[in-house]
Amino acid sequence: MSLHSPRTTPAARGRTGRLDSSPRRRSAEAIAFVALWMAAGYLLPIDSNGYLLLGIPLTMVFQLFVRRRPLRELFAPATSTVRWDGRALAMAAALVLLPAVYAVRAVASQDWVVAGWYLAAVVGAGCAAFALRAGTVLGALRSAALPIAIGATGFALVYSAMHVVAGVPLSAAAVVAAVVKYTALYFPASFLLEEVSFRERSTHVHVHEDGGQRGWRSAVFVSVLWGLWHLPVSHGLPLPLQAIELVAVHVLLGVPLSFAWRRTRNLAGPALAHAVNDAVRNGFMLGL
């Protein structure tokens with residue numbers, strides 16, 4: 001929603017399930033959501049996987065009790081029902097395969113937090129199939145193209161340069177294998193972890209208003225929150241420098257993701273782009 005709120009209309013009331021609150025209140029609610037999540041990350045003895053998993057109940061509470069909208073709208077708001085035909089089931093089966101294998105391994109080793117991450121990806125496979133079925137695979141690929149071009153290219157260039165400087169060889173086959181593996185894991189996981197919280201929940205309805213004149217401002221605003229959200233699980237630099245780095249990187253990556261969501265009103269494209277970007281990062285980090 002734009003940061004200048006027009007007079008409430010019946011259409012606006014229908015999108016949120018209640019009279020639209022002021023832009024300042026919506027922005028404050030988004031800030032409070034992220035601040036609560038960050039505070040838990042600092043106060044609780046959890047690692048990055050636990051931090052991600054914590055977002056599942058927080059996002060559900062925000063969607064149900066702050067926005068007062070059904071959970072399916074986190075993935076494809078334009079739909080009125082969940083479609084589970086043969087095509088959707090086939091997509092879910094394909095997407096669930098790799099996360100399920102890793103989930104079984106994690107459970108067998110009694111690594112419960114990691115198992116929770118993979119189980120989230122297993123459940124996310126169904127959500128991803130629903131989103132893909134609500135739209136089209138081609139539409140998801142089109143909306144993901146620009147964010148991938150920016151993010152994947154940037155990661156590839158930065159980490160390739162680091163390999164050159166460090167004198168560490170990089171295997172093309174290993175990079176390709178890593179990109180395929182992590183994309184297959186991260187794409188379904190994004191429907192319950194991170195992407196669903198920062199693209200749909202904050203950006204499209206709650207902060208940015210359809211037809212608003214300040215779309216760039218709200219996209220940057222949410223991307224800044226996304227960058228700061230990483231602070232509890234980011235280390236290596238003094239806090240101010242870490243915050244500046246995270247905000248800069250996540251504004252660069254997050255704004256295209258936000259606009260990809262708005263163009264399609266479907267999480268499949270942004271989730272795919274996020275997954276590919278992170279997979280490329282992981283692939284090009286091999287050996288460093």
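Mentor: Buried means under 20% relative accessible area. This model is predicted. By that cut-off, buried residues make up 49% of the 288 residues in the chain.

Trainee: Why is Ile46 called partly exposed?

Mentor: Its relative accessible area is 32%. Buried means under 20% and exposed over 50%. The value for Ile46 lies in between, so Ile46 is partly exposed.

Trainee: Where is Ile46 placed?

Mentor: In the loop between helix H2 (23-43) and helix H3 (48-66).

Trainee: What makes a set of residues a nonpolar core?

Mentor: Its members are buried nonpolar residues joined through side-chain atoms within 4.5 Å. The largest such core here has 69 residues. Phe75, Trp117, Phe187, Phe191, Leu193, Trp229 and Val280 touch the most other members. Helix H5 (residues 112-134) gives the most to this core, with 12 residues.

Trainee: Which residues does Trp229 touch, not counting those up to four places away in sequence?

Mentor: Val34, Trp37, Met38, Tyr51, Leu52, Glu194 and Phe198.

Trainee: How do you know that contacts link residues 24 or more positions apart?

Mentor: Such pairs account for 79% of the chain's contacts with a separation of 6 or more. A contact here means heavy atoms within 4.5 Å.

Trainee: How many helices and strands does the chain have?

Mentor: It has 11 helices and zero strands.

How values were computed: Residues numbered from 1 in each chain as written. Predicted model: local features only at pLDDT ≥ 70, side-chain atom pairs only at ≥ 80, totals over all residues. Heavy atoms only, no water. Buried < 20%, exposed > 50% of the residue type's maximum accessible area, 1.4 Å probe, protein only. Helix = DSSP H or I, 4+ residues; strand = E, 2+ residues; numbered from the N terminus.
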